[in-house]
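Here is a short tour of a two-chain model, written for someone who likes to know which cut-off stands behind each number. Have the viewer open as you read.

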Amino acid sequence: MSTQEAVIKVEGLTVQYGDNIVLDNVSFEVYRGEIFVIAGGSGCGKSTLLKHIIGLDIPKAGNIFINGINTTNIDDDEMAKLRRGIGMLFQGSALFGSMTIGENVSLPLTEFTELTREAMQLIVKMKLGMVELSGYENHFPSELSGGMKKRAGIARAMVMEPAMLFLDEPSAGLDPITSAEMDILIKKINSGIGTTMVIVTHELETIFNVSNRIIMLDKDTKGIIAEGDPRALKEHSRDPKIRNFFNRQPDRKKN
Amino acid sequence: MPENNRVFSIKGQKQGDITLFLFGRIGLENFDALLREIQGFFSEYNPSHLTVDLEKVDYLDSTGALFLVRLEDEAKTRSVPFTIANVSDEGKQIMSLIDRRALTAPSLAAKERALNLLEQLGNETINVLKDIYEVILFGGEILYEIAFSIRHPRKIRWNDVISYMKKVGVDGLPIVALISFLLGLIMAFMSALQLKQFGANIYVASLVAVAMVRELGPIITAIIVAGRSGSAFAAEIGTMRVNEEVDALITMGFNPTRFLTIPKLLAAMFVVPILTGFSSFFAILGGMVVGVLGLSLTIFTYVQQTMNAIEMFDVVSGLIKSVVFAAFIAAIGCQRGFKVRGGAEAVGNATTSAVVSAIFLIVVIDSTFAIILHYIE
Ligand SMILES: Nc1ncnc2c1ncn2[C@@H]1O[C@H](COP(=O)(O)OP(=O)(O)O)[C@@H](O)[C@H]1O
Ligand SMILES: [Mg+2]
């Protein structure tokens, strides 16, 4: 990342539901091709932040730029075009219950490409193989475990080869081994294709293994309390909240 | 963006050592074109060795990598030795993501086979019988829980009962009133057209009153309650099933039937008779509008004629009937909810089924009542 080009730019974002201010004047940038982690305690507004970035919710105040386009005041057609370059894994996976896993993954292909049925099936098999779900194309979401749904959701988010991938807690509900495999997958996609990744996660393993930069949100200040390289934050931060967060990791040398 | 039709250039003899130079973007956007080109290539050329050169490729995504894997497979099936040249580090990473076994792995679950007509008929019959069995079983359970609740009235969740009484009764009143009023209006108007010919205008009042109090009041109310509340009960419990909330209740030691069904059942049984009363009242009001405005009856004569026509027996039997309707609507709604397995779609099916089954039961119960009342009278 020699030239740091901001593909996502959040400026003074304020989110409020009723009287409840969730995010207050949050600003940050995500650079092209980096893996950017959003961390923070549960309920501090991480999912809310993602939803605002992809324009599912209109913020109370502030601007959000994607590829330089201000998404807070563009029309639906333009936004739809912009979203075509974005893949999103929702916290609850958001698989369509009435469709099989294979149909879920191939849905964007049927809508936005002219591929033949065979080509689509091939792509679906490839993507399911990537997320270690090969063979599950005819299962329905209700027949999968939570972690498997997450992975199917990742496969669906990736199927259009988006330039930006948003993952809301991708390793929640995964066993450590599969979780590590997801980390490798994320890293390979990022370095191989150059996909920009914005990941919400609490997993220290994931944070240290894959991320270039991290921001930490906090429920009390309703904003960012730390930003930067996670290793540096762990080493040098004086803030007890940040220290607590990173020190959840058991010290292996002592054990 | 497969604007130019060539995505690779070919160097070499038709039969000999051939190098394919891929260039530009190799990915999802031209996956189709690439696959077709490759078919064309192999039908035209018969290489002794195939090299794919990626030097000029400036974008390769996982679908592009999938194409390269397919290309290699195609070469292999024709026993052509295959090498890839000038792969960037990035390219290697993406290629390592492709799991070859996954591409040919059989599906773990068969796609549902379409059944033939006879199989469908058999299946449906079994389902209906099973359904009847389950409903009867659930009915027994409810009877047991009612008996339990009567002996332990403190264990009933009265707060829930009140809240459901509001949802079923108060919130349902406007639509019941409106439909009943219209029904009374229409009934009076249609019958007036006939009765006028005999100068029997006054009997419009009797007709509306008797029809509503005996039959139509309970039925129309029951159908509206089935549509509004029976479906809501099914959706509520069905959603709880999908979210494992019912399992959570069981795990915490609750009896889900008692916890979820009894309050709804009691609430419905309390308020549906009241709604039925309102239904008859508003229908009579509707009839009166026609009588006063269209048939030049006075309000007083209309009311008097109505009072004369209605017998206590009709009122009581109508109310009892509506209590029974209410019990069955609530019970079938809850049963459909408990039956939900799977995802959100199953909840939708459950609400539909709750309404359809409730209306079916209403008709059956009403006919039963008609026979019983005929002998009592
Ligand atoms: N649609 C909504 N209406 C009202 N409050 C909401 C809504 N969505 C989220 N919130 C509130 O915003 C806060 C942050 O939620 P969320 O972004 O889901 O947290 P998390 O960081 O765990 O993903 C919570 O306090 C939640 O109650
Ligand atoms: Mg969240």
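A salt bridge here is a side-chain nitrogen of Lys or Arg within 4 Å of a carboxyl oxygen of Asp or Glu. By that rule, the count between chain A and chain B is zero salt bridges.

Before going further, a word on the ground rules. This is a predicted model, in which local features need pLDDT of at least 70 and side-chain atom pairs count only at pLDDT 80 or more, while totals for chains, interfaces and linings use all residues. Residues are numbered from 1 along each chain as its sequence is written, chains are lettered from A and ligands numbered from 1 in the order in which they are written, and side-chain values use heavy atoms, with hydrogens and water left out.

## Where the chains meet

The size of an interface is often given as the accessible area lost when the parts come together. Buried area in this report is the accessible area (1.4 Å probe) that two parts lose on being put together, summed over both. For chain A and chain B the figure is about 2600 Å², with 65% of it on carbon and sulfur atoms. In terms of contact (heavy atoms within 4.5 Å), 30 residues of chain A touch 30 residues of chain B.

What does the polar side of this interface look like? Nine residue pairs, both members at pLDDT 80 or more, are in polar contact across the interface of chain A and chain B. A polar contact is a pair of N or O atoms within 3.5 Å; within protein, one must be able to donate a hydrogen and the other to accept it, and residues adjacent in sequence count only if both atoms are side-chain atoms.

On the side of chain A that touches chain B, the elements giving two or more residues are helix H3 (101–112), helix H4 (117–130) and helix H6 (176–193) of chain A. H4(A) gives the most, with eight residues. Helices (H or I, at least four residues) and strands (E, at least two) are DSSP runs, numbered from the N terminus. The residues on this side divide into 13 nonpolar, ten polar and seven charged.

## Two residues of chain A

Asn138(A) is found in the loop between H4 and helix H5 (146–158) of chain A. A polar atom of the Asn138(A) side chain lies 3.1 Å from the backbone oxygen of Ala109(B). Leaving aside neighbours within four places in sequence, Asn138(A) is in contact with Thr100(A), Ser107(B), Ala109(B), Ala110(B) and Lys111(B). Is Asn138(A) buried or exposed? Its relative accessibility is 17%, so Asn138(A) counts as buried; the classes are buried under 20% relative accessible area, exposed over 50%, and partly exposed in between (1.4 Å probe, protein chains only).

Val105(A) is found in helix H3 of chain A, and is buried because its relative accessible area is 0%. Among the residues in contact with Val105(A), beyond four places in sequence, are Val124(A), Leu128(A), Ala152(A) and Val159(A). The C-alpha atoms of Val105(A) and Val159(A) are separated by 6.7 Å, although the two are 54 residues apart along the chain.

## Salt bridges within the chains

Over all chains, the count comes to 26 salt bridges.

| Pair | Closest N to O distance |
|---|---|
| Arg101(B) and Asp99(B) | 3.8 Å |
| Asp171(B) and Lys166(B) | 3.5 Å |

Glu227(A) sits in strand S10 (residues 223–228) of chain A and Arg213(A) in strand S9 (residues 213–218) of chain A, 14 residues apart. Glu227(A) is partly exposed, at 39% relative accessible area, whereas Arg213(A) is buried, at 15%. Arg101(B) is exposed, at 66%, while Asp99(B) is partly exposed, at 24%. Glu72(B), Asp73(B), Lys76(B) and Arg100(B) are linked in a network of salt bridges.

## The form of chain B

Chain B has 13 helices and four strands. Its C-alpha atoms fill a box of roughly 110 × 55 × 40 Å, taken along the principal axes. The radius of gyration of chain B is 36 Å, but a compact globule of 377 residues would have one near 21 Å. That radius is taken over C-alpha atoms, and the globule rule is 2.2 Å times the number of residues to the power 0.38. Buried residues make up 43% of the 377 residues in chain B.

Terms used. Nonpolar A, V, L, I, M, F, W, Y, C, P; charged D, E, K, R; others polar.
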